[in-house]
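Morning, everyone. Please have the sequence and the 3D view open. I'll keep this short.

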Amino acid sequence: MLSRTASNLYWIARYMERADTVARLLEVGSRISLLPSAQGYRSDWDSLLQATGMAHAFAQKYGQTVQRNIESFLFFDRDNPSSVASCITAARENGRIVRTALTTQVWDALNTAFQELRQLEREERSKLELSRLTDWTMRHAAMLRGAIDATLLRDDGFNFLNIGYYLERGDNTARLMDVKYYVLLPRVDYVGSGLDNYQWTTLLRAMGAQRAFHWAYGGEVTAMKIADFLIRNPQSPRSLATCTAGLMNHLGRLAKAYGRETEAQEKVRTLAAGIEAATVDAIFDEGLHEFLTRYIAEAATLANAIHASYLSGEMR
Amino acid sequence: MVMLRAVRRSETLCAGPSVCSSRAKGSAGAAVAQFNEMFQGTDVRIPYARLQDWVATMPQELRSLKQAEAEALFRRIGITFAVYGEGGDPDRLIPFDMFPRVFSGAEWGKLERGIKQRARALNAFLVDVYGRGEIIRAGRIPARLVYQNEAYEKAVAGFVPPKGVYSHIVGVDIVRTGPDEFYVLEDNCRTPSGVSYMLESREIMMRMFPDLFRENRIEPVDNYSEKLRRTLASVAPSKCKGEPTVVILTPGHFNSAYYEHSLLADLMGVELVEGQDLFVEGEYVWMRTTEGPQRVDVIYRRIDDAFLDPLCFRPDSMLGIPGLMDVYRSGGVSICSAPGAGVADDKAIYTYVPDMIRFYLGEEPILQNVPTWQCGRDEDLKHVLANLPDLVVKEVHGSGGYGMLVGPKSSRDEIERFRLKLAEDPSNYIAQPTLALSTVPTFVEEGVAPRHVDLRPYCLVGERIELVPGGLTRVALQEGSLVVNSSQGGGVKDTWVLAE
């Protein structure tokens, strides 16, 4: 397969998953900001931007962290490469280029999202509830995912799509969890308080995992349990364990199909082993933020290895 | 019931595909009756015999239904683009007319012989002018027209591409003025587009009207992609052992013909690449794949010469592959059409194609050129100046209908002003008579009416010369209009060749 085609498929998945996460972030942010907090709601939005690495770009363009600005920035703003609008447009553009590598259903899912987005952009902002925007985004991300699973040939292109999905999802889960770190940073004595738990629950809710969590764990919501659920539990669809297992699987299939391993397979094994070995105690000993930061960096190295081995066409 | 009748109008028509837009006022000029390809008087010509019943018995509702269906099919396929590089909205849909254009086997036989003859001569000419230049030494074509031509690539002088083929896909634009009168309007030796319309129009017609295909014995065109693949593979460079790897090189998805590029890649089962997907290393061209570099033997390029290799042509080209021309000249890769092929389809060279046929093949041309006067020649210029109101005068290098005079449609003032321009630089102009283009019945608002058409068949030149029986028929949908360009209300039709 042409490296560029593989790259287009990989980025379709990454962009769509990113749009989904940004919508979830918006939801977490708006919920957290409804709470009374020590610093007022503005600092919560700040921490959210901080966690996503977009704080600087936002401050440059908007300055004030008021909700409307955040919505503009995270949903509509084409200058922000990670906004929902930018991501969906980029995903669709990548799809258009490799149109013949996609099924009609997959193309339809991408194209419909894009066409509806253009309609949303024409609507009056005051008529657009935030919840409508976030629901809409998550629905279209799910539709694309469904179309891919239901109709696409299980060839190397399918593996590249999935590698994009798992890589992006793992990164996003880590970042969403890290929002908590930024929110709580100023006051260590909040840990374990009612407010603390409420914020954790909000996080679960944003990941669509609140009920799943209760089924899996039951009882009190504690930071330890949630960390276990989102990092180590292979049943959780967004956990780091699930994402690394997915990456292992699809990179393994590529190695088998092409008859050779690359540094990407080596890197993913290290990454997965790290997750496997980490107990919750060890994670909290290291510090959750430190652990997540390390994961994000290692996943980025893996992404570079995937790029060098497959997507750049430089592999010899 | 739909009434089908032969409409006779006397009007003056001109030759260029992008020339005049409405019927002439019949002022000056020889008014010639146009040839209706279906009717001769009230008689139906034989190739169209079965279509008369078909259209006469088609209820109005069915017609609207089918037309809507055809449009939906085109949209779903995503076939939206501008033919002939006319620009405009890349997502634009070109109108499709369901009334087919039909040739008898005998008519096609003559066209086929004429087109193949032309394709052979054009390629012989290209090999010659990049070689010894015999035709110029023999005084048949002025050296200036060739060597000073913008399309002449000095970079490939002395190089003979595999099998001596420069132009692998020759698109010959043809108009008809009578039962046996076919004229070549122009040759396209570089990368003629529009073949996806030939393929998709047929797909859609077969899907919508299977009965028509049972009743008429229509030659298939869907083997075009297979023939194209074989043609491209047959000109693999000598360094290539084994099955050659063929790719299509596209400028990218913003190009108006991107759909066509991806369709052909899909149908041939070859990769559709952009410049960035290819690189030169050692003596070869490679494509970047997920399994590492893979050697490329034949590049069917759909980008212009100037963009092929920034080291050899335009240094600012982002579309090309640095070093490609070195590999090409050392026989490491084939490029189709070969760089430099454009010198054969220039408007000034066009007038010499009949001479080429006589010179290289020792044959008489089967298809005629539209009579053309070279204003650079004194006796021609005299004739042109004396007959300006009847002629179409074009700039040699102009395109898109700019800088031209359409005599029968121009006011006395315009003609006089043009006369001055012409006198200033006569060799920059050619002149042609206005032609009465043939018509084919076409579905219009009120029923069925004749509309003007042209034809572009696609001749494949490799180890063998092949022509799929069919082509792109463009139709001017406006009443009386001769403009078949899609940007100005032109549409397309399925083109049938009946089996003998």
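I'll go from a helix pair, to the chain interface, to salt bridges. One caution before that: this is a predicted model.

Start in chain B, with two helices. Helix α6 covers residues 195-208, and helix α9 covers residues 258-268. Their axes come within 9 Å. They cross at roughly 65 degrees. Angles of 65 to 115 degrees count as roughly perpendicular, so α6(B) is roughly perpendicular to α9(B). The crossing of the two is left-handed.

Which residues make the contact? From α6(B), they are B:V195, B:S196, B:L199 and B:E200. From α9(B), they are B:Y259, B:E260, B:L263, B:L264 and B:L267. Sort them by class, and you get six nonpolar, one polar and two charged residues.

Now the interface between the chains. On the chain A side, 20 residues are in contact with 21 residues of chain B. How is the size of an interface often given? As the accessible area lost when the parts come together. Between chain A and chain B, about 1,800 Å² is buried. Carbon and sulfur atoms give 45% of that area.

How many salt bridges are there between chain A and chain B? Two. B:E274 forms a salt bridge with A:R4. Their closest N and O atoms are 3.2 Å apart.

Last, the whole structure. A search over all chains finds 53 salt bridges. Take A:E17 with A:R169, where the closest N and O atoms are 2.9 Å apart. This pair links distant parts of chain A. A:E17 sits in helix α1, residues 3-32, and A:R169 in helix α8, residues 156-184. In the chain, the two are 152 residues apart.

That's my tour. Thanks.

Conventions
Residues are numbered from 1 along each chain as its sequence is written. Chains are lettered from A and ligands numbered from 1 in the order in which they are written. This is a predicted model: local features need pLDDT of at least 70, side-chain atom pairs count only at pLDDT 80 or more; totals for chains, interfaces and linings use all residues. Side-chain values use heavy atoms; hydrogens and water are left out. Axes are lines fitted to C-alpha atoms, for helices over the stretch in contact, and angles run from 0 to 180 degrees between N-to-C directions. Helices (H or I, at least four residues) and strands (E, at least two) are DSSP runs, numbered from the N terminus. Angles under 35 degrees count as roughly parallel, over 145 as roughly antiparallel, 65 to 115 as roughly perpendicular and the rest as oblique. A crossing is left-handed if the near helix is turned anticlockwise from the far one by less than a right angle, and right-handed if clockwise. Contact means heavy atoms within 4.5 Å. Ala, Val, Leu, Ile, Met, Phe, Trp, Tyr, Cys and Pro count as nonpolar, Asp, Glu, Lys and Arg as charged, and the others, Gly among them, as polar. Buried area is the accessible area (1.4 Å probe) that two parts lose on being put together, summed over both. A salt bridge is a side-chain nitrogen of Lys or Arg within 4 Å of a carboxyl oxygen of Asp or Glu.
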